[in-house]
Amino acid sequence: MIERSHYIAKFFTFFDTLFSSSDVFIRAMLLTLELTVVSILVGIVIGLLFALLKISNIKILTWISDTYVFLVRGTPLIVQIFILYFGISNLFLLPDFWAASLALAFHNGAYISEILRGTIQSIDKGQMEAGRSLGMSNSLTLRRIILPQAFRRALPPLGNQFIIGLKDSSLAAFISMNELFNVATTLGSNNFDEMTYLLIVAVYYLILVAFLTIIVNLFEKKLSISDR
Amino acid sequence: MEQKEMIRIRNLNKSYGNLHVLKDIDMKVLDSDVVCLIGPSGSGKSTLLRCLNYLEKKDSGQILIEGTEVNPGTHDINKIREKVGMVFQHFYLFPHMTVLENVIEAPTHVKKVPKAQAIEEAKALLAKVGLSDKADVYPSKLSGGQKQRVAIARALAMKPDILLFDEPTSALDPELVGEVLATMKELALEGMTMVVVTHEMSFAREVGDWIVFMHNGRVVESGPPKEFFTNPKEERTKEFLQTTVF
């Protein structure tokens with residue numbers, strides 16, 4: 001009986017703490033969101049650049065792109081974050097936020113470039129020929145005809161990558177960013193109650209992922225208009 | 001009056017590795033003529049057509065467009081392509097754009113035609129191919145025949161001097177072939193210079209001004225349709241015509 005009442009008490013403590021800590025967590029959630037949005041946006045730019053290098057058919061550019069993807073995929077994200085944080089900060093002053101964001105963007109960019117390369121190459125080469133046969137240049141056809149179709153096809157895997165990127169931002173805790181995970185572990189150890197705070201932070205991550213999923217779904221719906 | 005030479009090909013050769021697909025092709029296309037390229041599969045007719053639009057690179061020989069020898073090194077191929085339009089077997093409409101957007105895409109972005117004017121011209125072209133009511137739908141909603149007619153309108157929007165057709169009806173259901181051929185015939189009657197790779201012998205006979213029969217990468221025989229179809233000279237041509245359904 002003691003056991004059961006203990007868990008019931010725990011259950012109510014959880015909600016008590018969830019509400020009482022909401023100020024701190026919401027601030028941390030906003031930081032997580034900022035880290036995610038910046039790293040995704042910059043990651044898309046990096047990803048597109050390296051995807052284009054990869055399909056350029058110019059050996060040296062393809063090689064650069066391959067090397068980038070190999071390095072990023074071949075090393076743990078936490079190692080990349082530390083290298084960027086400790087390495088770059090030695091050379092010139094990089095605010096913590098940007099060290100974390102750029103490390104995450106650099107990491108996401110590799111995966112995004114592979115997603116985009118795959119979808120660009122999956123577009124029927126007749127589309128390029130049709131554009132070219134109308135007098136459109138290679139780059140104009142790429143921009144107006146190929147990339148819009150490739151981006152649309154890339155949305156489901158991109159959405160997946162965005163969610164991974166959101167959760168990976170928790171590693172920024174290790175370079176003292178007060179984002180969700182850092183706040184949860186700090187509060188947990190200060191209050192000698194790790195489990196409650198970890199469960200709370202899980203709720204916040206679920207909310208963020210749900211939010212991101214809805215946005216990606218809206219985009220997919222908007223872009224699928226030409227199928228209907 | 002003598003007809004202007006729109007395309008002149010001299011000694012054109014093209015290989016894919018060891019496969020010699022075009023062998024010493026000589027050919028000319030006169031202004032307002034409809035030249036039909038016929039022959040069995042793999043005879044090189046599509047490759048020849050694609051060379052005319054520089055989608056394939058020739059290995060040697062000359063291609064003269066409207067009297068000027070054109071080479072990718074010395075000429076802006078995009079400018080040539082504005083004059084030489086192309087219609088593909090598989091249409092290749094842009095699926096993320098409406099029919100109207102497909103037609104105005106190249107005029108507005110390549111020739112920088114003002115959008116209002118491009119739309120007006122596009123609507124006239126869609127009316128001409130009988131698809132005025134489809135201007136705002138996406139290609140996925142169209143039948144194959146409608147798609148091909150949009151593709152023709154899209155090519156015409158650049159106001160080309162020459163139109164190339166690469167087996168324009170081969171991907172169509174039989175009952176949709178007629179509408180595309182009718183559109184092409186109308187174009188021919190208006191005096192459009194056309195080079196058509198086709199298996200539609202009745203179209204070639206009725207609309208063609210000149211027939212070129214290819215086999216194994218060579219031009220085996222060419223001539224006006226009446227003579228070509230009723231009195232073929234080469235053995236290979238006779239064989240081909242005997243096995244072909246009209």
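**Where chain A meets chain B**

Across the interface of chain A and chain B, the rule finds 5 residue pairs in polar contact, both residues being at pLDDT 80 or more; a polar contact is a pair of N or O atoms within 3.5 Å, where within protein one must be able to donate a hydrogen and the other to accept it, and residues adjacent in sequence count only if both atoms are side-chain atoms. On the side of chain A that touches chain B, helix H6 (125-133) and helix H7 (138-168) each supply at least two residues, and the largest share, 7 residues, comes from H6(A). Helices (H or I, at least four residues) and strands (E, at least two) are DSSP runs, numbered from the N terminus. By type, the residues on this side of chain A divide into 7 nonpolar, 8 polar and 6 charged, where Ala, Val, Leu, Ile, Met, Phe, Trp, Tyr, Cys and Pro count as nonpolar, Asp, Glu, Lys and Arg as charged, and the others, Gly among them, as polar.

The model is a predicted one, in which local features need pLDDT of at least 70 and side-chain atom pairs count only at pLDDT 80 or more, while totals for chains, interfaces and linings use all residues. Residues are numbered from 1 along each chain as its sequence is written, chains are lettered from A and ligands numbered from 1 in the order in which they are written, and side-chain values use heavy atoms, with hydrogens and water left out.

In terms of contact (heavy atoms within 4.5 Å), 21 residues of chain A touch 25 residues of chain B. The two chains bury about 2,000 Å² between them, 59% of it on carbon and sulfur atoms; buried area is the accessible area (1.4 Å probe) that two parts lose on being put together, summed over both. Within chain A, Glu129(A), Ser133(A) and Leu134(A) lose the most area to chain B, together 29% of what that side buries.

**Salt bridges**

A salt bridge requires a side-chain nitrogen of Lys or Arg within 4 Å of a carboxyl oxygen of Asp or Glu, and the structure holds 15 of them over all chains, with 2 found across the interface of chain A and chain B. Arg144(A) pairs with Glu105(B) (2.7 Å, N to O), and Arg50(B) pairs with Glu129(A) (2.6 Å, N to O). The latter pair runs from helix H1 (residues 45-52) of chain B to helix H6 of chain A, and both Arg50(B) and Glu129(A) are buried, that is, under 20% relative accessible area, with exposed meaning over 50% and partly exposed in between (1.4 Å probe, protein chains only).

Inside chain B, Glu82(B) and Lys79(B) form a salt bridge (3.4 Å, N to O), and both lie in helix H2 (residues 77-83), 3 residues apart, about one turn of the helix. Glu82(B) is buried, with a relative accessible area of 12%, whereas Lys79(B), at 48%, counts as partly exposed.

**The nonpolar interior**

A nonpolar core is a set of buried Ala, Val, Leu, Ile, Met, Phe, Trp, Tyr and Cys residues joined through side-chain atoms within 4.5 Å. The largest has 49 residues, and those with the most contacts inside it are Leu126(B), Leu163(B), Phe165(B), Met184(B) and Met194(B). Its largest share, 7 residues, comes from helix H6 (residues 174-189) of chain B. Leaving aside neighbours within four places in sequence, Met194(B) is in contact with residues including Val35(B), Leu163(B), Phe165(B) and Met184(B).
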